[in-house]
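Colleague: Hey, could you walk me through this one? I'm new to reading structures.

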Amino acid sequence: KQLLKINGLSVNVEDKEILHGINLEIKKGETHVLMGPNGAGKSTLGYALMGNPRYEVTKGDIWFQGKRINEEPADKRAKAGMFLSFQNPLEVPGLPLGTFIRSAVEQRRGARVRLWDFRKELEKAMELLQMDRAYGDRDLNAGFSGGEKKKAEILQLLLLKPSLAILDETDSGLDVDAVRTVSQGVEEYQKGRDGGLLIITHSTRILESLRVDKTHIMVDGRIVKTGDGSLVEQINEHGFEQYLDQAGC
Ligand code: ADP
Ligand code: MG
Ligand code: MG
């Protein structure tokens, strides 16, 4: 039932320790929320989990689906079912969105995917996300608005069906309608099988219609508080102030 287990994880960026001994456990099908002030290290955790080489694990272990993956490169982690949606998605001129997603799905499944089947599935997900079909043939994120980029990330989530999805501020900079649409996309992913979610967010709007099993507050590279879904509302009302005091900021 265990999906991800992080034990005493410390991470350096450019020789500076950013994360100090993080412990976190996500079971299959669980949705965890990671909140915290800017600069706390939330994105650093996402990159370190995904295996970005700029984020050096100096202590601790990452276990994913029962396997220690500290030394696995990012592409192997992706193939094993880990997905990170970026805070600032890259633009890739010359690579149509649909082609990109199809090849990612094929890599993940290790088999060809029939174009006809893929197109049908893609269009269904695009409809849910209220994306114009034409976006499937447009170059990945090139000239996409902020909202369209975030929707394109959720589109990948829905087609790839990763076993663990880390969503890094997929809701930031979106208007109310786009947040609702993105949230519906995430809800659709939640409904499917036993995928786990780690949602990194500043705001709580994306969570309104989602089931949240656990909430973690990160301050200054440490998880200073873990609670259930109701912790989100508490943060909504009172902010992070009391936790900043705890961390001695
Ligand atoms: P959050 O996502 O919680 O806002 P980050 O993980 O982005 O926080 O950043 C945590 C700290 O690590 C910050 O002090 C930031 O300046 C530093 N940091 C993160 N990534 C890099 C990087 N690629 N190069 C240099 N410093 C970085
Ligand atoms: Mg930030
Ligand atoms: Mg961040």
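**Strands, helices and a ligand**

Modeller: Strands here are DSSP runs of E with at least two residues, helices are runs of H or I with at least four residues, and both are numbered from the N terminus. Two strands pair if DSSP finds at least two bridges between them. This is a predicted model, where local features need pLDDT of at least 70 and side-chain atom pairs count only at pLDDT 80 or more, while totals for chains, interfaces and linings use all residues. Residues are numbered from 1 along each chain as its sequence is written, and chains are lettered from A and ligands numbered from 1 in the order in which they are written.

Colleague: Okay, what is the bridge partner of Asn12 in β2?

Modeller: That's Glu17.

Colleague: And what's the strand order in the open sheet of 4 strands?

Modeller: The order is β2-β1-β4-β5, with antiparallel pairing. The edges are β2 (16-27) and β5 (67-68), each pairing on one side only.

Colleague: What about the open sheet of 6 strands?

Modeller: That one goes β6-β9-β10-β3-β11-β12, and its pairing is mixed. Its edge strands, β6 (82-85) and β12 (222-227), each pair on one side only. Inside the sheet, β3 (residues 31-35) and β10 (residues 196-200) run parallel, joined by 4 bridges. For instance, Leu34 has Ile200 of β10 as its bridge partner.

Colleague: Switching topic: which residues are around ligand 1?

Modeller: Among them are Gly36, Asn38, Gly39, Ala40, Gly41, Lys42, Ser43, Thr44 and Arg54. To be near, a residue needs its C-beta atom, placed from the backbone, within 6 Å of the ligand. Helix α1 (residues 42-50) gives the most to this shell, with 3 residues.

Colleague: How many nonpolar, polar and charged residues does the shell have?

Modeller: It has 3 nonpolar, 6 polar and 3 charged residues. Ala, Val, Leu, Ile, Met, Phe, Trp, Tyr, Cys and Pro count as nonpolar, Asp, Glu, Lys and Arg as charged, and the others, Gly among them, as polar.

Colleague: Now helices. At what angle do α5 and α6 cross?

Modeller: The axes of α5 (residues 146-160) and α6 (residues 176-191) cross at roughly 10 degrees and come within 9 Å. Axes are lines fitted to C-alpha atoms over the stretch in contact, with angles from 0 to 180 degrees between N-to-C directions. So α5 is roughly parallel to α6, a label for angles under 35 degrees.

Colleague: Last one: how many helices and strands does the protein have?

Modeller: There are 8 helices and 12 strands. The C-alpha trace spans about 55 × 40 × 35 Å along its principal axes.

Notes
Parallel < 35°, antiparallel > 145°, perpendicular 65-115°, else oblique.
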